[in-house]
Protein chains: 2
Amino acid sequence: MQDIDKIEDKKAGGAGEMMVDEQGKKINLSQWISGAGPEQDIVLSNRIRLARNINKIPFPGKAKKEDLAEIVSMVKEVVSKQDDFKLFFIKIKDLPQVEKNLLVEKNLTSPAHLNKEAEAALFLNNEENISIMVNEEDHIRIQILTAGFQLEKSWKVADEIDDLLEDKLDFAFSKKIGYLSACPTNLGTGLRASVMVHLPALNVTNNIGKMLGAISQLGLVVRGIYGEGSESSGNIYQISNQITLGNSEKEIIDNLKSVTTQIIEEERNIREKLMKKQKIQVKDKIMRSYGILKYVQKIASDEAMELLSNVKLGIDMGIIDSLDSKVLSELLILIRPAHLQKSEGEELSSRERDIKRASLIRNRLTNDK
Amino acid sequence: MQDIDKIEDKKAGGAGEMMVDEQGKKINLSQWISGAGPEQDIVLSNRIRLARNINKIPFPGKAKKEDLAEIVSMVKEVVSKQDDFKLFFIKIKDLPQVEKNLLVEKNLTSPAHLNKEAEAALFLNNEENISIMVNEEDHIRIQILTAGFQLEKSWKVADEIDDLLEDKLDFAFSKKIGYLSACPTNLGTGLRASVMVHLPALNVTNNIGKMLGAISQLGLVVRGIYGEGSESSGNIYQISNQITLGNSEKEIIDNLKSVTTQIIEEERNIREKLMKKQKIQVKDKIMRSYGILKYVQKIASDEAMELLSNVKLGIDMGIIDSLDSKVLSELLILIRPAHLQKSEGEELSSRERDIKRASLIRNRLTNDK
């Protein structure tokens, strides 16, 4: 990050460019969205997040503007003086609103972060699998977000970045409880590990409720696709550790990994059974969804998610062979409001978004492979 | 019909052949199903039917077997001694069950006719637009069934055949009430004129009820697609004269023609309005239906009719240009049980029919134009 000032200038002058490809035509999608990863027929992506705070400076919710500016400088200083990771610096307040929304839709930052925009900043690599949020709920949040099921690999990267920062910064840490955080749910390790899983077969056979109940007994929590408080959409669930305190990072990751492995197995078993016992019904549902999406003229987000979920299942079960499995990950981002708006280049009404969403899906399904 | 005995022998030996094309691959479809006709965007077909009975012989419901056999001979004699119409003779009882059902599904005969099979017979031309049922409810029923809206042309053919028969046969006729018939609803002219109309726009805007109410005030009756007592399916309605007595044939046909012309105009107006005011909604419904039918794996008859109706509307409104408008007329016959069975060549369960129906529709929509 030797060119930090240059890069920062560039952002200030036209932050949007970074989301556009070289020809300025396509929206840039993060590695976790359009890249490949292990077990991607079920695990869309995995995420490791570490919450850290600087000693003796109030948490962002209570800190003064100068304190927050100081935090940004401190992190920037450390990041610029290392060569292991090539990270760009983004000042949130310099971004046009649509760019901010794009970052949220790609899970690279949070609405809370955008709201504290005075001194909010983001460090991001080109592949968009590493992000460091500065002055969100905590002073520092390191996030590694990659495609498929590779929690340990992601953890390794997060840990390296954590070491790198901790080497130069004085993190708030108590011998008794570990890392301090703005919200007690992050105390201790400050670690939130999560996987985003696609479970259509468990859902269609009504086994999902039982499974989710079991999960909460194991110290894990299940959320919808868009995080806390959101409903599941497109049979996609986020599973993460509930407790950050009292277990080591390894224990937390191992637990999530082991439970996810069982869920993968269960989902695959049910898929196999469905193909044996209800082949025509399953194939019919999948192919109808595919047919609708290939010709749809307007579609709301929820219905699109449901049909795309069916199409992904079809790809992963070998029923549809003309499409790539990543189509769901890609489209679940591309059909969100800011992405639709970005690709259109102007403010869209809800009705216009439904039309644009339909055209985008039609094109994506037609132009694959 | 000089070769009547030869033809009859052929039928007895393999009546089914007549329903199969020269390559033995395709089911033969009547002219009214796959042919072209005026106003075919709305009027699928038109039908003229004349009920006639031979004087001094009881109606088929009360007649002895010998009487019925006599009727068949009489009609056969007349038909064989004319050169204007090339008609084949079919003895209903010689047909395999599936062939009988095919005839019913193509509206060339009726279930009632099949049930009286001892001496029931049918004269049919190669295009299947002329049929003479012998010993159905009446001794003789002349039926002209052609594509589109051409009632007068159809009437002309029916009238010619009627004259031809009447010239040699002694029809039961009273100066006061006209032609006698087994059921009082056919007394007088013995004429039933009808049109089969596709009214999706009137239906979707809920104007259909009002229109159907008005129709019954005009001496007309509306039925579903499969005749008396049947529900409308696929937005298709049969409109015919209720009264056969007290009006001339010309008056009956003129009345039906005039009302149908108004309905056509109204349907076209509403289609135009829909395209102006709800273009995207209409296009979306049509294209989704098209997409589903192109990929469907199993489908029940009612749903198929509904989606095909949308597709036909799309073709007729210029939204779908890769298909021919006759696709609905063709498929509404081809997806019926006996036709599905015939094209498969074996007895099918309801589930198997749904699968076969889906595959037939998929292929038909893919192989057009």
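1. A:Y179 is buried at 9% relative accessibility (buried means under 20% relative accessible area, exposed over 50%, partly exposed in between, with a 1.4 Å probe and protein chains only). The model is predicted; local features need pLDDT of at least 70, side-chain atom pairs count only at pLDDT 80 or more, and totals for chains, interfaces and linings use all residues. Residues are numbered from 1 along each chain as its sequence is written, chains are lettered from A and ligands numbered from 1 in the order in which they are written, and side-chain values use heavy atoms, leaving out hydrogens and water.

2. The rule takes rings of Phe, Tyr and Trp (its six-membered ring) with centres within 6.5 Å; planes under 30 degrees apart are stacked, over 60 edge-to-face, the rest tilted. A:F173 is partly exposed, at 47%. Ring pairs also bring in A:F171, giving a cluster of A:F171, A:F173 and A:Y179.

3. The charged end of A:R52 lies over the ring, 3.6 Å from its centre. To count, NZ of Lys or CZ of Arg must be within 6 Å of the ring centre and within 35 degrees of the ring normal.

4. Now chain B. B:Y179 is buried at 10%, and B:F173 is partly exposed at 47%. B:R52 lies over the face of B:Y179, 3.6 Å from the ring centre.

5. Side chains of opposite charge can pair when their charged atoms come close.

6. In chain A, A:D284 and A:R288 form a salt bridge at 2.9 Å, N to O. They are four residues apart in helix α10 (residues 279–295), so about one helical turn separates them. Helices (H or I, at least four residues) are DSSP runs, numbered from the N terminus. A:D284 is buried at 7%. A:R288 is buried at 15%.

7. A:E160 and A:K156 bridge at 3.3 Å, N to O. These two are also four residues apart, in helix α6 (residues 151–166) of chain A. A:E160 is partly exposed at 35%, while A:K156 is exposed at 54%.

8. B:E77 and B:K81 meet in a salt bridge at 2.3 Å, N to O. B:E77 is partly exposed at 40%; B:K81 is exposed at 65%.

How values were computed
Salt bridge = Lys/Arg side-chain N within 4 Å of Asp/Glu carboxyl O.
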